[in-house]
Amino acid sequence: MNKYGIWLLAPLLISACDNPTSATPAVVPEQRQQHSAELQNMIRQVKNNLVFVEGGDFLMGDFGKEYGPEKLRYDTNHDSKPLHKVTLSSYSISKYKTTNQEYQSYLKLNGLQLKKSDNFLIQESWDDLNKLPDTPAHIDWYDAEKYCAWLGKVSGLPFALPTEAQWEYAARSRGQFIIVGTNSGVLEMDGIQRGINISGSWDREEFARKMGLKSGIATALPVDNYPPNPLGIYDMAGNGYDWINDWYDPDYYKYSTAVDPLGPEKPVYKSREGIYDTEAKYTKVIRGADFSGPFKGLTIARHSSKPDTGVTGDKTVRCVVNSPQPVK
């Protein structure tokens, strides 16, 4: 039995709107009391799952040529270069990606409904992604930002989406020259389809069959399924991209501020996603990997996505608390 118990909140798949226009039913005192208890339990759980990250200096970006054992660049893309010094203040970060249990509890407490796919062909897979309480919630950037902001409001703590520098610093266990954010710093595989400290395609297929899901290799696994990195943070090498607060700019490292960088001041880079996407839009940073596996999940690799992706099967959220002291 995992830490989230057997409670499973059924997906609320009846509207694509974040703010339903129908009137909210009156809440009787018993319901208020129940909601208050659920809220306090959720706040307690979220706070207990925070890992304090002591700030400091580190070299951000592709460090392979200078500090890797092979003295070769790890990333073929230019956006992870140049290597540059960054100084970060201390903060706390969630050790887990936000789970379906947590996110659906947030929706319930706010009278909101889980988004529904407008493509009936993928609705069944979307339903599967939202069924299990201890697998990652899948949301777009706007909903991720709202979720972290709400945590800040109800807890009184400065919750936010992580900056790109905060994410990489934590993935690299306070900026060490670690290329993969696993327990060992490398991807350990038994062949190319079965994982040891990450999931392979066979692992996801087997888990899907065991849980009665039809999502196959696209299945998300429980957030604590594999060992954490040395800081105690899970899934920094896969199981869904983490949304980042920063706007994406492939040239940002050339002019990044040195102390607590926040990314570009305004959106500067547009792109399309996939061959069927006809409209280029400004993009946000995503970090990690969509699905765990070989050749994925580099701590220094940068990716981007349009923030309004709507129903998304590969992007998740974890929040940070921007406080120089550990959360109690």
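Analyst: Start with the core. A nonpolar core is a set of buried Ala, Val, Leu, Ile, Met, Phe, Trp, Tyr and Cys residues joined through side-chain atoms within 4.5 Å. Buried means under 20% relative accessible area, exposed over 50%, and partly exposed in between (1.4 Å probe, protein chains only). This is a predicted model, in which local features need pLDDT of at least 70, side-chain atom pairs count only at pLDDT 80 or more, and totals for chains, interfaces and linings use all residues. Residues are numbered from 1 along each chain as its sequence is written, and side-chain values use heavy atoms, with hydrogens and water left out.

User: How do you know how confident the predictor is in this chain?

Analyst: By pLDDT, the predictor's confidence in each residue, from 0 to 100. The chain averages 89, and 89% of its residues reach 70 or more. Residues 1-28 fall below 50. That stretch still has 52 contacts in the model beyond near neighbours in sequence. Contact means heavy atoms within 4.5 Å.

User: Which residues touch the most other members of the largest nonpolar core?

Analyst: Met 42, Tyr 103, Tyr 106, Tyr 147 and Leu 151, out of 27 residues in that core. Two or more residues each come from helix H1 (29-48), helix H3 (100-109), helix H5 (141-155) and strand S8 (241-247). H5 gives the most, with six residues. Helices (H or I, at least four residues) and strands (E, at least two) are DSSP runs, numbered from the N terminus. The chain has seven helices and 14 strands.

User: What does Leu 151 touch?

Analyst: Met 42, Val 46, Gly 156, Phe 159 and Cys 319, with residues up to four places away in sequence not counted. Another core lies apart from the largest one. This other core has 21 residues, among them Ala 170, Ile 244, Tyr 253 and Val 285.

User: Why are H3 and H5 called roughly perpendicular?

Analyst: Angles under 35 degrees count as roughly parallel, over 145 as roughly antiparallel, 65 to 115 as roughly perpendicular and the rest as oblique. Axes are lines fitted to C-alpha atoms, for helices over the stretch in contact, and angles run from 0 to 180 degrees between N-to-C directions. H3 and H5 pack at about 75°, with their axes 11 Å apart. H3 and H5 are therefore roughly perpendicular.

User: Which residues meet where H3 packs on H5?

Analyst: Glu 102, Tyr 103, Tyr 106 and Leu 109 in H3 meet Asp 143, Lys 146, Tyr 147 and Trp 150 in H5. By class, that is five nonpolar, no polar and three charged residues. Ala, Val, Leu, Ile, Met, Phe, Trp, Tyr, Cys and Pro count as nonpolar, Asp, Glu, Lys and Arg as charged, and the others, Gly among them, as polar.

User: What makes Lys 306 buried?

Analyst: Its relative accessibility is 11%. The cut-off for buried is under 20%, so Lys 306 counts as buried. Lys 306 sits in the loop between strand S12 (303-305) and strand S13 (315-316). Its contacts beyond four places in sequence include Trp 243, Glu 273, Asp 277 and Tyr 282.

User: Why is Lys 71 called partly exposed?

Analyst: Its relative accessible area is 48%, so Lys 71 is partly exposed. Lys 71 also has a positive phi of about 55° although it is not a glycine. Most residues other than glycine have a negative phi.
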